Amino acid sequence: MAVITKNQKNSLTKVIVFMFLALLGIVMIYPLLWLLSSSFKENEEIFKSLSLIPEKFVWDSYSEGWKGVGQFGYSTFFANTFKLVVPVTVFTVISATIVGYGFARFSFPLKKFFFAVMMAGLMLPNSVIIIPRYLLFNKFGWLNSYLPFIVPALFATNAFFIFMMVQFFRGIPRELDEAATIDGCNSFQILTRILLPLCKPAIFSAMLFQFIWAWSDFFTPLIYINSVKKYPLSLKRMLFFHFIFSDYSIELKIFI
Amino acid sequence: MKLKHQRKRFKDYEGLLYISPFIIGFLVFQLYPFIASIVYSFTNFTMIKKPSFIGIENYIYMFTKDREFWGSLVVTFKYVLMAVPMKLIFALFIAMLLNMKLKSINFFRTVYYLPSILGGSVAVAVMWRFLFMQDGVVNKFLGIFSIPPIGWLGNPDISLYTIGLLAVWQFGSSMVLFLAGLKQIPENLYEASAIDGASKIKQFFVITLPMITPILLFNMVMQTIGAFQEFTGAFVITNGGPMKSTYLYGMMLYNNAFVNFKMGYASAQSWILFIIIIIVTIILLKSSKRWAYYEDGGDF
(Lines give C-alpha, C1' and ligand atoms only; values in the text may rest on other atoms or scores of the structure.)
Protein backbone atom coordinates (compact mmCIF):
# COMPACT_ATOMS: atom_id res chain seq x y z
CA MET A 1 0.00 0.00 0.00
CA ALA A 2 1.35 3.31 -0.94
CA VAL A 3 1.89 5.68 1.88
CA ILE A 4 1.57 9.32 0.95
CA THR A 5 4.22 11.21 2.80
CA LYS A 6 3.73 14.78 3.84
CA ASN A 7 6.20 15.88 1.22
CA GLN A 8 4.32 14.15 -1.54
CA LYS A 9 1.06 15.64 -0.39
CA ASN A 10 2.69 19.03 -0.44
CA SER A 11 3.91 18.69 -3.99
CA LEU A 12 0.50 17.38 -5.05
CA THR A 13 -1.10 20.55 -3.70
CA LYS A 14 1.45 22.55 -5.63
CA VAL A 15 0.63 20.77 -8.87
CA ILE A 16 -3.08 21.41 -8.37
CA VAL A 17 -2.52 25.07 -7.56
CA PHE A 18 -0.22 25.38 -10.54
CA MET A 19 -2.79 23.94 -12.92
CA PHE A 20 -5.53 26.08 -11.46
CA LEU A 21 -3.45 29.21 -11.83
CA ALA A 22 -2.60 28.31 -15.40
CA LEU A 23 -6.23 27.75 -16.36
CA LEU A 24 -7.51 30.88 -14.72
CA GLY A 25 -4.56 32.78 -16.14
CA ILE A 26 -5.67 31.85 -19.65
CA VAL A 27 -9.15 33.20 -18.92
CA MET A 28 -7.64 36.39 -17.53
CA ILE A 29 -5.31 36.99 -20.42
CA TYR A 30 -7.51 35.81 -23.29
CA PRO A 31 -9.24 39.17 -23.88
CA LEU A 32 -5.88 40.89 -24.24
CA LEU A 33 -4.53 38.28 -26.61
CA TRP A 34 -7.75 38.51 -28.55
CA LEU A 35 -7.23 42.24 -28.83
CA LEU A 36 -3.68 41.74 -30.02
CA SER A 37 -4.53 39.06 -32.55
CA SER A 38 -7.51 41.04 -33.83
CA SER A 39 -5.16 43.81 -34.81
CA PHE A 40 -3.62 41.41 -37.32
CA LYS A 41 -6.88 39.99 -38.60
CA GLU A 42 -8.97 41.15 -41.46
CA ASN A 43 -12.06 43.01 -40.39
CA GLU A 44 -14.49 40.25 -41.31
CA GLU A 45 -12.57 37.66 -39.37
CA ILE A 46 -12.42 39.51 -36.05
CA PHE A 47 -15.85 38.47 -34.87
CA LYS A 48 -16.09 35.25 -36.82
CA SER A 49 -13.75 33.00 -34.89
CA LEU A 50 -12.44 32.46 -31.40
CA SER A 51 -9.03 31.52 -32.68
CA LEU A 52 -6.14 33.71 -31.65
CA ILE A 53 -4.19 32.97 -34.80
CA PRO A 54 -5.36 35.00 -37.79
CA GLU A 55 -6.10 33.11 -41.01
CA LYS A 56 -4.43 35.85 -42.93
CA PHE A 57 -2.06 38.27 -41.32
CA VAL A 58 -2.67 41.94 -41.95
CA TRP A 59 0.28 44.09 -41.03
CA ASP A 60 -0.87 47.43 -42.38
CA SER A 61 -2.89 48.35 -39.30
CA TYR A 62 0.24 49.15 -37.37
CA SER A 63 1.98 51.29 -39.92
CA GLU A 64 -1.29 53.01 -40.74
CA GLY A 65 -2.00 53.55 -37.08
CA TRP A 66 1.47 54.87 -36.40
CA LYS A 67 1.14 57.52 -39.05
CA GLY A 68 -1.82 58.84 -37.16
CA VAL A 69 -4.46 61.21 -38.33
CA GLY A 70 -3.73 64.70 -39.52
CA GLN A 71 -0.34 66.27 -39.13
CA PHE A 72 0.85 64.61 -35.91
CA GLY A 73 2.34 61.14 -35.86
CA TYR A 74 2.15 58.66 -33.06
CA SER A 75 5.64 59.47 -31.83
CA THR A 76 4.41 62.93 -30.83
CA PHE A 77 1.71 61.44 -28.67
CA PHE A 78 4.08 58.97 -27.08
CA ALA A 79 6.46 61.80 -26.23
CA ASN A 80 3.58 63.85 -24.84
CA THR A 81 2.45 60.98 -22.68
CA PHE A 82 5.89 60.56 -21.16
CA LYS A 83 6.26 64.29 -20.57
CA LEU A 84 3.06 64.10 -18.62
CA VAL A 85 3.34 60.75 -16.89
CA VAL A 86 6.95 60.67 -15.70
CA PRO A 87 6.99 63.92 -13.66
CA VAL A 88 3.56 63.17 -12.24
CA THR A 89 4.67 59.71 -11.09
CA VAL A 90 7.96 60.84 -9.56
CA PHE A 91 6.52 63.84 -7.74
CA THR A 92 3.50 61.95 -6.46
CA VAL A 93 5.58 59.20 -4.90
CA ILE A 94 8.08 61.59 -3.29
CA SER A 95 5.47 63.89 -1.84
CA ALA A 96 3.21 61.04 -0.67
CA THR A 97 6.10 59.32 1.08
CA ILE A 98 7.13 62.43 2.98
CA VAL A 99 3.61 63.34 3.99
CA GLY A 100 2.76 59.74 4.84
CA TYR A 101 5.80 59.59 7.10
CA GLY A 102 4.68 62.76 8.85
CA PHE A 103 1.26 61.26 9.53
CA ALA A 104 2.46 57.82 10.54
CA ARG A 105 5.26 58.70 12.93
CA PHE A 106 4.70 62.11 14.50
CA SER A 107 2.21 63.66 16.80
CA PHE A 108 1.57 67.35 16.28
CA PRO A 109 -1.20 69.85 16.84
CA LEU A 110 -4.31 69.29 14.72
CA LYS A 111 -3.03 65.94 13.46
CA LYS A 112 -6.40 64.24 13.76
CA PHE A 113 -7.98 67.15 11.97
CA PHE A 114 -5.55 67.03 9.05
CA PHE A 115 -5.84 63.28 8.79
CA ALA A 116 -9.62 63.52 8.70
CA VAL A 117 -9.32 66.23 6.06
CA MET A 118 -7.07 64.00 3.98
CA MET A 119 -9.46 61.08 4.22
CA ALA A 120 -12.31 63.35 3.28
CA GLY A 121 -10.32 64.41 0.24
CA LEU A 122 -10.04 60.76 -0.68
CA MET A 123 -13.78 60.47 -0.73
CA LEU A 124 -14.34 63.72 -2.55
CA PRO A 125 -15.79 62.87 -5.94
CA ASN A 126 -13.68 64.36 -8.67
CA SER A 127 -16.75 65.94 -10.19
CA VAL A 128 -17.21 68.09 -7.09
CA ILE A 129 -14.02 70.04 -7.68
CA ILE A 130 -13.40 69.69 -11.39
CA ILE A 131 -15.33 72.77 -12.51
CA PRO A 132 -13.83 75.23 -9.97
CA ARG A 133 -10.38 73.72 -10.55
CA TYR A 134 -10.72 74.29 -14.26
CA LEU A 135 -11.56 77.93 -13.66
CA LEU A 136 -8.61 78.23 -11.26
CA PHE A 137 -6.08 76.81 -13.74
CA ASN A 138 -7.57 79.05 -16.36
CA LYS A 139 -6.80 82.03 -14.14
CA PHE A 140 -3.20 80.80 -13.67
CA GLY A 141 -2.89 80.43 -17.45
CA TRP A 142 -2.01 76.75 -17.10
CA LEU A 143 -4.57 75.33 -19.46
CA ASN A 144 -3.27 73.41 -22.43
CA SER A 145 -0.03 72.65 -20.57
CA TYR A 146 0.90 69.77 -18.29
CA LEU A 147 1.11 71.99 -15.21
CA PRO A 148 -2.43 71.15 -14.01
CA PHE A 149 -1.18 67.58 -13.64
CA ILE A 150 2.34 68.15 -12.35
CA VAL A 151 1.86 70.88 -9.75
CA PRO A 152 -0.90 69.09 -7.80
CA ALA A 153 1.29 65.95 -7.82
CA LEU A 154 4.09 67.96 -6.23
CA PHE A 155 1.78 68.97 -3.39
CA ALA A 156 0.55 65.49 -2.52
CA THR A 157 -3.02 66.11 -3.59
CA ASN A 158 -3.62 62.44 -4.26
CA ALA A 159 -4.66 61.24 -0.82
CA PHE A 160 -4.76 57.63 -2.02
CA PHE A 161 -0.98 57.42 -1.97
CA ILE A 162 -0.61 59.24 1.35
CA PHE A 163 -3.05 56.85 3.00
CA MET A 164 -1.32 53.90 1.39
CA MET A 165 2.10 55.00 2.66
CA VAL A 166 0.69 55.69 6.14
CA GLN A 167 -0.75 52.19 6.30
CA PHE A 168 2.57 50.66 5.28
CA PHE A 169 4.62 52.80 7.67
CA ARG A 170 2.32 51.76 10.48
CA GLY A 171 3.10 48.14 9.77
CA ILE A 172 6.78 48.75 10.52
CA PRO A 173 7.63 48.45 14.25
CA ARG A 174 8.45 51.75 15.95
CA GLU A 175 11.31 50.08 17.80
CA LEU A 176 13.37 50.42 14.63
CA ASP A 177 12.97 54.22 14.71
CA GLU A 178 13.87 54.31 18.37
CA ALA A 179 16.98 52.23 17.80
CA ALA A 180 18.01 54.57 14.98
CA THR A 181 17.42 57.63 17.17
CA ILE A 182 19.72 56.18 19.79
CA ASP A 183 22.30 55.64 17.06
CA GLY A 184 22.05 59.35 16.28
CA CYS A 185 19.77 59.52 13.27
CA ASN A 186 17.57 62.55 12.83
CA SER A 187 14.02 62.07 11.71
CA PHE A 188 14.77 62.53 8.02
CA GLN A 189 17.57 59.99 8.18
CA ILE A 190 15.20 57.55 9.83
CA LEU A 191 12.94 57.93 6.82
CA THR A 192 15.63 57.57 4.18
CA ARG A 193 17.84 54.96 5.83
CA ILE A 194 15.48 52.81 7.87
CA LEU A 195 11.95 53.08 6.59
CA LEU A 196 12.43 53.53 2.86
CA PRO A 197 14.41 50.31 2.38
CA LEU A 198 11.72 48.49 4.36
CA CYS A 199 8.79 49.79 2.37
CA LYS A 200 10.25 49.29 -1.10
CA PRO A 201 7.30 47.08 -2.09
CA ALA A 202 4.88 49.84 -1.16
CA ILE A 203 6.85 52.47 -3.05
CA PHE A 204 7.06 50.34 -6.16
CA SER A 205 3.33 49.66 -5.99
CA ALA A 206 2.68 53.37 -5.63
CA MET A 207 4.87 54.19 -8.62
CA LEU A 208 3.23 51.53 -10.70
CA PHE A 209 -0.29 52.69 -9.83
CA GLN A 210 0.42 56.33 -10.50
CA PHE A 211 2.14 55.51 -13.76
CA ILE A 212 -0.75 53.41 -14.97
CA TRP A 213 -3.40 55.84 -13.87
CA ALA A 214 -1.69 58.84 -15.39
CA TRP A 215 -1.08 56.84 -18.56
CA SER A 216 -4.65 55.76 -19.07
CA ASP A 217 -6.38 58.79 -17.58
CA PHE A 218 -8.82 60.05 -20.11
CA PHE A 219 -11.13 62.45 -18.39
CA THR A 220 -8.64 64.98 -16.98
CA PRO A 221 -6.57 65.49 -20.15
CA LEU A 222 -9.82 65.86 -22.04
CA ILE A 223 -10.68 68.81 -19.86
CA TYR A 224 -7.28 70.50 -19.54
CA ILE A 225 -5.61 69.83 -22.89
CA ASN A 226 -7.27 71.26 -25.93
CA SER A 227 -4.72 71.28 -28.74
CA VAL A 228 -4.11 68.02 -30.60
CA LYS A 229 -0.38 68.78 -30.61
CA LYS A 230 -0.28 68.23 -26.85
CA TYR A 231 -2.64 65.26 -26.66
CA PRO A 232 -1.47 62.27 -24.67
CA LEU A 233 -2.23 58.80 -25.99
CA SER A 234 -5.46 58.36 -24.07
CA LEU A 235 -7.10 61.28 -25.86
CA LYS A 236 -5.53 60.27 -29.11
CA ARG A 237 -7.34 56.95 -28.86
CA MET A 238 -10.65 58.68 -28.58
CA LEU A 239 -9.87 60.58 -31.77
CA PHE A 240 -9.42 57.29 -33.54
CA PHE A 241 -12.58 56.02 -32.00
CA HIS A 242 -14.42 58.77 -33.78
CA PHE A 243 -12.55 58.87 -37.06
CA ILE A 244 -11.97 55.28 -38.02
CA PHE A 245 -14.74 53.53 -36.23
CA SER A 246 -15.51 51.38 -39.21
CA ASP A 247 -12.03 49.94 -39.45
CA TYR A 248 -11.92 47.63 -36.45
CA SER A 249 -8.44 46.28 -36.90
CA ILE A 250 -6.84 49.70 -36.92
CA GLU A 251 -8.90 50.75 -33.99
CA LEU A 252 -8.12 47.67 -31.94
CA LYS A 253 -4.44 48.11 -32.60
CA ILE A 254 -4.48 51.70 -31.50
CA PHE A 255 -6.05 50.68 -28.24
CA ILE A 256 -3.11 48.52 -27.29
CA MET B 1 16.48 72.21 31.02
CA LYS B 2 15.63 75.04 28.67
CA LEU B 3 17.31 73.28 25.77
CA LYS B 4 15.30 70.17 26.43
CA HIS B 5 12.17 72.25 26.44
CA GLN B 6 13.04 73.79 23.08
CA ARG B 7 13.84 70.39 21.62
CA LYS B 8 10.51 69.12 22.75
CA ARG B 9 8.78 72.04 21.10
CA PHE B 10 10.56 71.41 17.82
CA LYS B 11 9.54 67.76 17.99
CA ASP B 12 5.95 68.88 18.37
CA TYR B 13 6.04 70.72 15.07
CA GLU B 14 8.37 68.43 13.13
CA GLY B 15 5.44 66.40 11.87
CA LEU B 16 3.78 69.53 10.54
CA LEU B 17 6.89 70.19 8.49
CA TYR B 18 6.58 66.80 6.84
CA ILE B 19 2.95 67.20 5.98
CA SER B 20 3.30 70.84 4.84
CA PRO B 21 3.21 69.98 1.10
CA PHE B 22 -0.12 68.33 1.72
CA ILE B 23 -1.46 71.34 3.62
CA ILE B 24 -0.57 73.74 0.79
CA GLY B 25 -1.91 71.41 -1.89
CA PHE B 26 -5.04 70.87 0.11
CA LEU B 27 -5.76 74.58 0.52
CA VAL B 28 -5.20 75.49 -3.12
CA PHE B 29 -6.36 72.44 -5.06
CA GLN B 30 -9.03 71.02 -2.81
CA LEU B 31 -10.45 73.42 -0.24
CA TYR B 32 -10.86 76.33 -2.62
CA PRO B 33 -12.57 74.31 -5.42
CA PHE B 34 -14.58 72.53 -2.76
CA ILE B 35 -16.03 75.74 -1.37
CA ALA B 36 -16.57 77.15 -4.83
CA SER B 37 -18.52 74.02 -5.65
CA ILE B 38 -20.83 74.48 -2.67
CA VAL B 39 -21.54 77.98 -3.87
CA TYR B 40 -22.29 76.73 -7.39
CA SER B 41 -24.67 74.11 -6.03
CA PHE B 42 -26.94 76.89 -4.80
CA THR B 43 -27.00 78.60 -8.20
CA ASN B 44 -28.38 77.89 -11.63
CA PHE B 45 -24.91 78.15 -13.18
CA THR B 46 -24.97 76.89 -16.76
CA MET B 47 -21.56 77.94 -18.21
CA ILE B 48 -23.25 80.34 -20.59
CA LYS B 49 -25.29 82.74 -18.56
CA LYS B 50 -24.24 84.42 -15.35
CA PRO B 51 -25.09 82.35 -12.28
CA SER B 52 -27.77 83.60 -9.97
CA PHE B 53 -28.46 82.39 -6.46
CA ILE B 54 -31.49 80.13 -6.16
CA GLY B 55 -31.12 78.74 -2.64
CA ILE B 56 -31.80 75.04 -2.13
CA GLU B 57 -34.00 74.73 -5.17
CA ASN B 58 -31.57 72.33 -6.85
CA TYR B 59 -31.78 69.97 -3.90
CA ILE B 60 -35.55 70.17 -3.62
CA TYR B 61 -35.92 69.35 -7.29
CA MET B 62 -33.48 66.46 -7.00
CA PHE B 63 -35.26 64.76 -4.14
CA THR B 64 -38.86 65.40 -5.08
CA LYS B 65 -39.09 65.59 -8.85
CA ASP B 66 -36.01 63.97 -10.39
CA ARG B 67 -36.86 60.32 -11.05
CA GLU B 68 -33.58 59.82 -12.84
CA PHE B 69 -31.78 60.65 -9.60
CA TRP B 70 -33.48 57.93 -7.55
CA GLY B 71 -33.14 55.42 -10.36
CA SER B 72 -29.42 55.90 -10.73
CA LEU B 73 -28.97 55.87 -6.96
CA VAL B 74 -30.48 52.37 -6.80
CA VAL B 75 -28.35 51.19 -9.73
CA THR B 76 -25.22 52.60 -8.12
CA PHE B 77 -25.82 50.88 -4.77
CA LYS B 78 -26.48 47.59 -6.55
CA TYR B 79 -23.25 48.00 -8.45
CA VAL B 80 -21.18 48.80 -5.35
CA LEU B 81 -22.63 45.92 -3.32
CA MET B 82 -21.90 43.51 -6.14
CA ALA B 83 -18.57 44.66 -7.56
CA VAL B 84 -16.62 45.50 -4.39
CA PRO B 85 -17.00 42.22 -2.44
CA MET B 86 -16.49 40.13 -5.58
CA LYS B 87 -13.36 42.00 -6.47
CA LEU B 88 -11.87 41.85 -2.97
CA ILE B 89 -12.56 38.15 -2.44
CA PHE B 90 -11.14 37.33 -5.84
CA ALA B 91 -8.09 39.54 -5.28
CA LEU B 92 -7.30 38.03 -1.88
CA PHE B 93 -7.81 34.50 -3.16
CA ILE B 94 -5.44 35.02 -6.08
CA ALA B 95 -2.93 36.89 -3.91
CA MET B 96 -2.73 33.90 -1.57
CA LEU B 97 -2.17 31.51 -4.45
CA LEU B 98 0.48 33.79 -5.91
CA ASN B 99 2.17 34.00 -2.54
CA MET B 100 3.03 30.29 -2.66
CA LYS B 101 6.47 29.16 -3.57
CA LEU B 102 5.88 27.73 -7.00
CA LYS B 103 7.81 27.43 -10.20
CA SER B 104 7.39 30.40 -12.54
CA ILE B 105 5.31 32.25 -9.96
CA ASN B 106 6.64 35.55 -11.24
CA PHE B 107 5.25 34.75 -14.65
CA PHE B 108 1.81 34.17 -13.15
CA ARG B 109 1.98 37.38 -11.18
CA THR B 110 2.62 39.26 -14.41
CA VAL B 111 -0.20 37.52 -16.23
CA TYR B 112 -2.70 38.25 -13.48
CA TYR B 113 -1.65 41.83 -13.15
CA LEU B 114 -1.66 42.57 -16.86
CA PRO B 115 -5.40 43.35 -17.22
CA SER B 116 -5.11 45.96 -14.48
CA ILE B 117 -2.17 47.70 -16.09
CA LEU B 118 -4.56 48.97 -18.70
CA GLY B 119 -6.59 50.55 -15.93
CA GLY B 120 -9.98 52.10 -16.42
CA SER B 121 -9.09 53.22 -19.89
CA VAL B 122 -11.32 53.72 -22.85
CA ALA B 123 -9.46 50.94 -24.65
CA VAL B 124 -10.41 48.23 -22.20
CA ALA B 125 -14.02 49.34 -22.03
CA VAL B 126 -14.34 49.20 -25.80
CA MET B 127 -12.73 45.78 -25.84
CA TRP B 128 -15.22 44.62 -23.22
CA ARG B 129 -18.07 45.77 -25.40
CA PHE B 130 -16.74 43.79 -28.35
CA LEU B 131 -16.22 40.69 -26.23
CA PHE B 132 -19.72 40.68 -24.75
CA MET B 133 -21.67 41.76 -27.83
CA GLN B 134 -24.57 39.56 -28.89
CA ASP B 135 -22.38 37.94 -31.55
CA GLY B 136 -19.18 38.59 -29.61
CA VAL B 137 -16.47 36.23 -28.53
CA VAL B 138 -17.99 35.26 -25.16
CA ASN B 139 -21.25 34.09 -26.66
CA LYS B 140 -19.31 32.26 -29.39
CA PHE B 141 -17.42 30.43 -26.69
CA LEU B 142 -20.61 29.51 -24.83
CA GLY B 143 -22.00 28.29 -28.14
CA ILE B 144 -19.36 25.54 -28.15
CA PHE B 145 -21.12 24.04 -25.13
CA SER B 146 -24.46 24.71 -26.87
CA ILE B 147 -25.43 27.39 -24.39
CA PRO B 148 -27.72 29.88 -26.13
CA PRO B 149 -26.30 33.40 -26.50
CA ILE B 150 -26.80 35.61 -23.48
CA GLY B 151 -27.69 39.28 -23.77
CA TRP B 152 -24.73 40.42 -21.73
CA LEU B 153 -25.27 44.02 -22.71
CA GLY B 154 -28.82 43.96 -24.03
CA ASN B 155 -30.60 42.35 -21.08
CA PRO B 156 -31.34 44.92 -18.35
CA ASP B 157 -31.09 42.22 -15.68
CA ILE B 158 -27.58 41.22 -16.70
CA SER B 159 -25.92 44.35 -18.09
CA LEU B 160 -24.90 45.73 -14.69
CA TYR B 161 -23.13 42.45 -13.89
CA THR B 162 -21.24 42.61 -17.16
CA ILE B 163 -19.89 45.99 -16.14
CA GLY B 164 -19.16 44.71 -12.64
CA LEU B 165 -17.27 41.83 -14.20
CA LEU B 166 -14.95 44.31 -15.89
CA ALA B 167 -14.17 45.76 -12.46
CA VAL B 168 -13.48 42.29 -11.08
CA TRP B 169 -11.27 41.44 -14.05
CA GLN B 170 -9.14 44.44 -13.12
CA PHE B 171 -8.52 43.27 -9.59
CA GLY B 172 -4.76 43.69 -9.89
CA SER B 173 -4.26 46.79 -7.77
CA SER B 174 -6.01 45.24 -4.76
CA MET B 175 -4.20 41.98 -5.43
CA VAL B 176 -0.77 43.63 -5.43
CA LEU B 177 -1.52 45.30 -2.10
CA PHE B 178 -2.74 42.02 -0.60
CA LEU B 179 0.38 40.32 -1.88
CA ALA B 180 2.62 42.97 -0.34
CA GLY B 181 0.70 42.56 2.92
CA LEU B 182 0.98 38.77 2.84
CA LYS B 183 4.73 39.04 2.39
CA GLN B 184 5.00 41.10 5.56
CA ILE B 185 3.51 38.35 7.72
CA PRO B 186 6.38 36.74 9.62
CA GLU B 187 6.95 33.13 8.58
CA ASN B 188 7.48 32.04 12.19
CA LEU B 189 3.81 32.63 13.01
CA TYR B 190 2.89 29.88 10.58
CA GLU B 191 5.66 27.61 11.83
CA ALA B 192 4.61 28.07 15.43
CA SER B 193 0.96 27.38 14.67
CA ALA B 194 1.84 24.35 12.56
CA ILE B 195 3.70 22.90 15.54
CA ASP B 196 0.60 23.55 17.62
CA GLY B 197 -1.32 21.52 15.06
CA ALA B 198 -3.34 24.23 13.32
CA SER B 199 -4.78 23.29 9.94
CA LYS B 200 -4.29 25.44 6.85
CA ILE B 201 -7.85 26.73 7.06
CA LYS B 202 -7.47 27.58 10.72
CA GLN B 203 -4.17 29.35 9.91
CA PHE B 204 -5.96 31.46 7.36
CA PHE B 205 -8.57 32.67 9.81
CA VAL B 206 -6.27 33.04 12.82
CA ILE B 207 -3.08 34.39 11.24
CA THR B 208 -3.44 35.47 7.60
CA LEU B 209 -6.74 37.28 7.80
CA PRO B 210 -6.06 39.24 11.02
CA MET B 211 -2.58 40.21 9.83
CA ILE B 212 -3.79 41.70 6.57
CA THR B 213 -6.83 43.51 7.99
CA PRO B 214 -5.16 46.95 7.61
CA ILE B 215 -4.65 46.24 3.90
CA LEU B 216 -8.12 44.76 3.64
CA LEU B 217 -9.60 47.89 5.17
CA PHE B 218 -7.59 50.07 2.81
CA ASN B 219 -8.69 48.08 -0.23
CA MET B 220 -12.28 48.01 0.91
CA VAL B 221 -12.42 51.76 1.45
CA MET B 222 -10.67 52.57 -1.82
CA GLN B 223 -12.70 50.15 -3.92
CA THR B 224 -15.97 51.33 -2.41
CA ILE B 225 -15.16 54.96 -3.06
CA GLY B 226 -14.05 54.14 -6.59
CA ALA B 227 -17.13 52.03 -7.30
CA PHE B 228 -19.49 54.81 -6.27
CA GLN B 229 -17.83 57.04 -8.86
CA GLU B 230 -17.53 54.47 -11.65
CA PHE B 231 -17.93 56.14 -15.01
CA THR B 232 -15.83 54.91 -17.94
CA GLY B 233 -17.17 51.36 -17.97
CA ALA B 234 -20.82 52.31 -18.02
CA PHE B 235 -20.22 55.20 -20.38
CA VAL B 236 -18.33 53.33 -23.07
CA ILE B 237 -19.82 49.84 -22.81
CA THR B 238 -23.53 50.47 -22.42
CA ASN B 239 -23.92 54.24 -22.24
CA GLY B 240 -26.25 53.76 -19.27
CA GLY B 241 -28.65 51.46 -21.04
CA PRO B 242 -30.53 49.29 -21.67
CA MET B 243 -33.48 50.89 -19.94
CA LYS B 244 -31.12 52.82 -17.66
CA SER B 245 -30.08 49.55 -16.03
CA THR B 246 -26.47 50.72 -15.96
CA TYR B 247 -27.13 54.41 -15.52
CA LEU B 248 -24.64 54.89 -12.69
CA TYR B 249 -24.44 58.06 -10.63
CA GLY B 250 -21.22 59.08 -12.34
CA MET B 251 -22.93 58.95 -15.71
CA MET B 252 -25.81 61.05 -14.51
CA LEU B 253 -23.35 63.64 -13.21
CA TYR B 254 -21.48 63.67 -16.49
CA ASN B 255 -24.66 64.10 -18.48
CA ASN B 256 -25.91 66.93 -16.34
CA ALA B 257 -22.58 68.76 -16.23
CA PHE B 258 -21.08 68.27 -19.68
CA VAL B 259 -24.02 67.36 -21.89
CA ASN B 260 -26.82 69.48 -20.47
CA PHE B 261 -24.40 72.05 -19.02
CA LYS B 262 -26.45 72.32 -15.85
CA MET B 263 -23.33 72.99 -13.79
CA GLY B 264 -25.18 74.24 -10.73
CA TYR B 265 -27.47 71.23 -10.60
CA ALA B 266 -24.58 68.86 -11.27
CA SER B 267 -22.65 70.44 -8.40
CA ALA B 268 -25.59 69.80 -6.10
CA GLN B 269 -25.77 66.18 -7.24
CA SER B 270 -22.04 65.69 -6.77
CA TRP B 271 -22.54 66.95 -3.23
CA ILE B 272 -25.13 64.30 -2.49
CA LEU B 273 -22.76 61.64 -3.84
CA PHE B 274 -20.01 62.99 -1.64
CA ILE B 275 -22.20 62.80 1.47
CA ILE B 276 -23.21 59.22 0.67
CA ILE B 277 -19.57 58.23 0.22
CA ILE B 278 -18.60 59.88 3.51
CA ILE B 279 -21.32 58.04 5.43
CA VAL B 280 -20.37 54.66 3.95
CA THR B 281 -16.67 55.23 4.62
CA ILE B 282 -17.27 56.29 8.21
CA ILE B 283 -19.28 53.12 8.75
CA LEU B 284 -16.40 51.07 7.34
CA LEU B 285 -13.73 52.84 9.39
CA LYS B 286 -15.75 52.73 12.63
CA SER B 287 -16.54 49.07 12.22
CA SER B 288 -12.87 48.35 11.49
CA LYS B 289 -12.02 49.07 15.12
CA ARG B 290 -13.61 45.71 15.84
CA TRP B 291 -11.83 43.75 13.17
CA ALA B 292 -8.64 45.49 12.03
CA TYR B 293 -5.36 44.62 13.72
CA TYR B 294 -2.36 46.96 13.86
CA GLU B 295 1.24 46.13 14.64
CA ASP B 296 1.58 49.49 16.40
CA GLY B 297 -1.35 48.72 18.70
CA GLY B 298 -3.81 50.86 16.80
CA ASP B 299 -2.94 54.08 18.60
CA PHE B 300 -2.52 56.80 16.13
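Student: What makes Phe235(B) buried?
Tutor: A residue is buried if 20 or more other C-beta atoms lie within 10 Å of its own, exposed if 12 or fewer, and partly exposed in between, with C-beta atoms placed from the backbone. Phe235(B) has 20 other C-beta atoms within 10 Å, so Phe235(B) is buried. Before we go on, please note that this is a predicted model, in which local features need pLDDT of at least 70 and side-chain atom pairs count only at pLDDT 80 or more, while totals for chains, interfaces and linings use all residues. Residues are numbered from 1 along each chain as its sequence is written, and chains are lettered from A and ligands numbered from 1 in the order in which they are written.

Student: Where is Phe235(B) found, and which residues does Phe235(B) touch?
Tutor: Phe235(B) is found in helix 12 (residues 232-238) of chain B; helices (H or I, at least four residues) and strands (E, at least two) are DSSP runs, numbered from the N terminus. Leaving out residues up to four places away in sequence, Phe235(B) touches Met251(B) and Tyr254(B). Two residues are in contact if their C-beta atoms, placed from the backbone, lie within 7 Å. The C-alpha atoms of Phe235(B) and Val126(B) are separated by 10.0 Å, and the two residues are 109 residues apart along the chain.

Student: Why is Met243(B) called exposed?
Tutor: Met243(B) has 12 C-beta neighbours inside 10 Å, and therefore counts as exposed. Met243(B) is found in the loop between helix 12 and helix 13 of chain B, and its phi is near 50°, a positive value in a residue other than glycine.

Student: And what makes Lys244(B) partly exposed?
Tutor: With 18 other C-beta atoms within 10 Å, Lys244(B) is partly exposed. Lys244(B) also lies in the loop between helix 12 and helix 13 of chain B, with phi near 60°, again a positive value in a residue other than glycine. Most residues other than glycine have a negative phi.

Student: Why are helix 3 of chain B and helix 8 of chain B called oblique to each other?
Tutor: They pack at an angle of about 45°, with their axes 8 Å apart. Axes are lines fitted to C-alpha atoms, for helices over the stretch in contact, and angles run from 0 to 180 degrees between N-to-C directions. Angles under 35 degrees count as roughly parallel, over 145 as roughly antiparallel, 65 to 115 as roughly perpendicular and the rest as oblique. Helix 3 of chain B and helix 8 of chain B are therefore oblique to each other. Their crossing is right-handed; a crossing is left-handed if the near helix is turned anticlockwise from the far one by less than a right angle, and right-handed if clockwise.

Student: Which residues meet there, and of what class?
Tutor: Among them, Leu88(B), Ala91(B) and Leu92(B) in helix 3 of chain B meet residues in helix 8 of chain B that include Met175(B), Phe178(B) and Leu182(B). Ala, Val, Leu, Ile, Met, Phe, Trp, Tyr, Cys and Pro count as nonpolar, Asp, Glu, Lys and Arg as charged, and the others, Gly among them, as polar.

Student: How many residues does each chain give to the contact between the chains?
Tutor: Chain B gives 71 residues and chain A gives 66 residues. Helix 1 of chain B gives the most to the side of chain B that touches chain A, with 20 residues. That side has 49 nonpolar, 15 polar and seven charged residues.
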